[in-house]
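Here are my notes on this one, as numbered points. Have the structure open while you go through them.

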Protein chains: 2
Amino acid sequence: MKFCSQCGASVTLRVPTGDNLPRYVCASCHTIHYQNPRIVAGCIPEWEGRILLCRRAIEPRYGLWTLPAGFMENSESAVTAAAREALEEANAVVENLSLYGVYSLLHVSQVYLMFRSQLKDGRASPGQESLEVRLYTEDEVPWEQMAFTVVHEILHQYFAERRSGVFQLHVGDIIREADTFRIHRYS
Amino acid sequence: MKFCSQCGASVTLRVPTGDNLPRYVCASCHTIHYQNPRIVAGCIPEWEGRILLCRRAIEPRYGLWTLPAGFMENSESAVTAAAREALEEANAVVENLSLYGVYSLLHVSQVYLMFRSQLKDGRASPGQESLEVRLYTEDEVPWEQMAFTVVHEILHQYFAERRSGVFQLHVGDIIREADTFRIHRYS
């Protein structure tokens with residue numbers, strides 16, 4: 001951020017009075033421009049024991065596999081956002097959404113809200129942002145070609161709990177450390 | 001938003017190619033400025049059957065009661081953010097946080113992530129943004145002086161479940177309709 005989105009003057013990075021973190025502040029109109037984490041809403045569409053994955057047609061991680069997920073929009077419900085992403089990325093209608101994973105990704109300031117869901121009629125096809133979509137059993141999942149650590153983690157938990165038949169909510173952080181990621185699990 | 005934060009030129013509101021929602025787009029450098037919901041992280045600090053509430057010293061809702069909660073910061077964990085807000089608003093140390101409520105507030109584009117928690121040693125005092133803080137039993141809660149519908153809803157669920165001894169995760173939307181709010185509960 002270099003310019004004020006309200007008046008067009010230059011901004012400077014400084015700690016405002018009464019605050020304890022540096023913010024971009026306009027030198028002219030004094031607007032404080034707060035920057036906050038963004039929400040990625042998505043789901044784990046299941047049909048007859050198989051999980052729907054999408055192969056990415058966009059950067060980052062072009063060509064790798066992920067769950068349908070994307071940035072939540074203003075004036076939207078998190079649940080609606082998760083279902084919308086399945087429709088956009090995989091032409092998939094999902095039902096019975098229940099919250100399954102809440103992960104904070106500190107290095108990119110994102111919070112993933114991931115829902116379990118049922119894929120209606122087992123139907124899916126590639127949306128604009130997907131090269132292909134496919135239903136996978138646990139054994140078939142291309143674990144070495146997953147796009148994101150957070151999706152790998154969620155899918156891993158999901159299949160483990162699916163065997164036991166008891167799903168519980170997972171809350172965690174994904175923390176980048178040098179060239180790898182550490183996962184901190186709260187539950 | 002009137003000006004591009006990258007180059008200072010004017011922005012126009014239009015649907016970019018390949019998108020389906022209007023965005024602020026820079027007429028000069030073509031940067032697309034996405035706007036997304038913000039996360040409010042907070043907690044329900046409990047000590048010996050009583051709940052800690054804060055009376056707001058800031059707008060909006062100056063003078064009314066709420067749970068400690070505030071905007072999550074970049075590079076922060078949602079769990080850490082919830083505990084930080086208790087410390088900032090009530091000098092309260094909270095422990096054993098577990099996610100309890102996830103509510104989308106469509107009219108203000110906010111998502112509340114609210115955690116159950118234990119208040120350490122029952123200690124609290126007003127922070128900079130609170131006029132006073134107090135531990136309340138269910139009967140004592142000033143229900144008619146609550147600052148926000150979402151906090152009223154969460155506290156109501158909390159006390160109901162506290163009596164039964166079984167807490168479950170709540171996911172819902174708060175939707176403004178004319179002069180009132182409708183609550184849509186998914187779980």
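1. Chain A has 2 helices and 12 strands, where helices (H or I, at least four residues) and strands (E, at least two) are DSSP runs numbered from the N terminus. Along the sequence the order is β-β-β-β-β-β-β-α-β-β-β-α-β-β.

2. Some housekeeping: this is a predicted model, so local features need pLDDT of at least 70 and side-chain atom pairs count only at pLDDT 80 or more, while totals for chains, interfaces and linings use all residues. Residues are numbered from 1 along each chain as its sequence is written, and chains are lettered from A and ligands numbered from 1 in the order in which they are written.

3. The C-alpha trace of chain A spans about 60 × 35 × 30 Å along its principal axes. Domain 1 covers 1-35 and domain 2 covers 38-185, with bounds from an automatic or database domain assignment. The C-alpha centres of these two domains of chain A are 35 Å apart.

4. Of the 187 residues in chain A, 37% are buried (20 or more other C-beta atoms within 10 Å of the residue's own, with C-beta atoms placed from the backbone). Take the contacts in chain A between residues at least 6 apart in sequence: 57% of them join residues at least 24 apart. A contact here is a pair whose C-beta atoms, placed from the backbone, lie within 7 Å.

5. How are the two chains related? Chain B superposes on chain A by a rotation of 180 degrees with 0.0 Å of shift along the axis, RMSD 0.0 Å. That is what a two-fold axis gives.

6. The contact draws 36 residues from chain B and 36 residues from chain A. On the chain B side, β4 (38-47), α1 (78-90), β8 (94-105) and β11 (170-177) each supply at least two residues, and β8(B) gives the largest share, 4 residues. That side divides into 19 nonpolar, 12 polar and 5 charged residues (nonpolar: Ala, Val, Leu, Ile, Met, Phe, Trp, Tyr, Cys and Pro; charged: Asp, Glu, Lys and Arg; polar: the others, Gly among them). The copies meet through the same surface, because 100% of the interface residues of chain B are also interface residues in chain A.

7. Finally, α1(B). Its 13 residues should span 18 Å at 1.5 Å a residue, and the end C-alpha atoms are 18 Å apart, so the two agree (expected span: 1.5 Å times one less than the number of residues). Its buried residues include B:Ala78, B:Val79, B:Glu85 and B:Glu89. Just after α1(B), B:Asn91 has a positive phi of about 45 degrees.

Key: Two residues are in contact if their C-beta atoms, placed from the backbone, lie within 7 Å. A residue is buried if 20 or more other C-beta atoms lie within 10 Å of its own, exposed if 12 or fewer, and partly exposed in between; C-beta atoms are placed from the backbone. Copies are superposed by least squares on the C-alpha atoms of residues with pLDDT of at least 70 in both.
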